[in-house]
Amino acid sequence: MTKFDSIITVAFAALVLFAAFEAPPRVEGQKLCKKPSGTWSGLCANSDACRKQCIRLEKARDGTCKYEFPAHKCFCYYPC
């Protein structure tokens, strides 16, 4: 009987461990939509600078450089 108890204990511990690493559920209000930056000029090569500009000047939640034909552009992310 002790072998069965230890198997159950290990299985329960594994379940708890996997649950701890699961991504939190996405709430509909947290969905972000991308929009080209209105204040960025030129090619975007520095995602950190793009992110800071989107947050500071455009009041966005996030920002990053993405390739969209014909060049890399700065995109800001807002709640949808």
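Cys 54 and Cys 76 form a disulfide, with sulfur atoms 2.0 Å apart. A disulfide here is a pair of cysteine sulfur atoms within 2.5 Å. The torsion about this S-S bond is about -75 degrees, so the link is left-handed. Cys 54 lies in helix H2 and Cys 76 in strand S3, so the bond ties together parts 22 residues apart in sequence. Helices (H or I, at least four residues) and strands (E, at least two) are DSSP runs, numbered from the N terminus. Both Cys 54 and Cys 76 are buried. Buried means under 20% relative accessible area, exposed over 50%, and partly exposed in between (1.4 Å probe, protein chains only).

The model is predicted: local features need pLDDT of at least 70, side-chain atom pairs count only at pLDDT 80 or more, and totals for chains, interfaces and linings use all residues. Residues are numbered from 1 along each chain as its sequence is written, and side-chain values use heavy atoms, leaving out hydrogens and water.

**Disulfides**

The structure holds 4 disulfides. With the bonded cysteines numbered in sequence order, the pairing is 1-8, 2-5, 3-6, 4-7.

Cys 33 is partly exposed, at 34% relative accessibility. Cys 80 is exposed, at 54%.

The link of Cys 44 and Cys 65 is left-handed, with -60 degrees about the S-S bond. This pair also joins distant parts of the chain, 21 residues apart. Cys 44 is in the loop between S1 and helix H2 (47–58), while Cys 65 is in strand S2 (residues 62–68). Both cysteines are buried.

**Core and contacts**

The largest nonpolar core has 8 residues: Cys 44, Cys 50, Cys 54, Ala 60, Cys 65, Cys 74, Cys 76 and Tyr 78. Such a core is a set of buried Ala, Val, Leu, Ile, Met, Phe, Trp, Tyr and Cys residues joined through side-chain atoms within 4.5 Å. H2 and S3 are the elements that give two or more residues to this core. S3 supplies the largest share, 3 residues.

Beyond residues up to four places away in sequence, Cys 76 touches Cys 33, Lys 34, Lys 35, Ser 37, Cys 54, Glu 58, Ala 60, Asp 62 and Gly 63. Contact means heavy atoms within 4.5 Å.
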